[in-house]
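Dear colleague,

Please find below the structure that I am handing over to you. A short account of the findings follows it.

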Amino acid sequence: MNALLAIDIGGTHHRFASVSSEGKILKKETYSPSSISEASLFFKELIDRINSWIQKNPSEGIAFAMPIIMDDHSYHVYDAPNLKCLIGKNGGCEKYDPSRS
């Protein structure tokens, strides 16, 4: 069975779930981020959790949900009511390089 890692990122909780191609939740967990005041710490913790999750629960891909308003061309974050540390940052996707963490 192929699984996808689905992540709901909020200011208070991050919810992770492995979801089958049929939409069945195979495993789920809720985490409380230790830092939401600085973007670099926020993303380092998130990336560490993702890496830990996929080592234990292989996934074919990752889907994110985040409460932000972002320009779809420049990826500039205009508003993030529960994640103020992201306002003014680039929310675009980059290829993740584990050697940089």
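Helices (H or I, at least four residues) and strands (E, at least two) are DSSP runs, numbered from the N terminus. In these terms, L26 belongs to strand β3. This is a predicted model, in which local features need pLDDT of at least 70 and side-chain atom pairs count only at pLDDT 80 or more, while totals for chains, interfaces and linings use all residues. Residues are numbered from 1 along each chain as its sequence is written, and side-chain values use heavy atoms, with hydrogens and water left out.

The open sheet comprises 4 strands in the order β3-β2-β1-β4, with mixed pairing (two strands pair if DSSP finds at least two bridges between them). β3 (25–31) and β4 (62–65) stand at the edges with a single partner strand each, so one side of each lacks a neighbour in the sheet. Strands β1 (residues 3–9) and β2 (residues 14–20) pair in the antiparallel sense over 7 bridges; R15 in β2 is the bridge partner of D8.

F16 and L86 have the most contacts inside the largest nonpolar core, which has 15 residues (a set of buried, that is under 20% relative accessible area, Ala, Val, Leu, Ile, Met, Phe, Trp, Tyr and Cys residues joined through side-chain atoms within 4.5 Å). Helix α1 gives the most to this core, with 5 residues.

Note on methods:
Buried means under 20% relative accessible area, exposed over 50%, partly exposed in between (1.4 Å probe, protein chains only).
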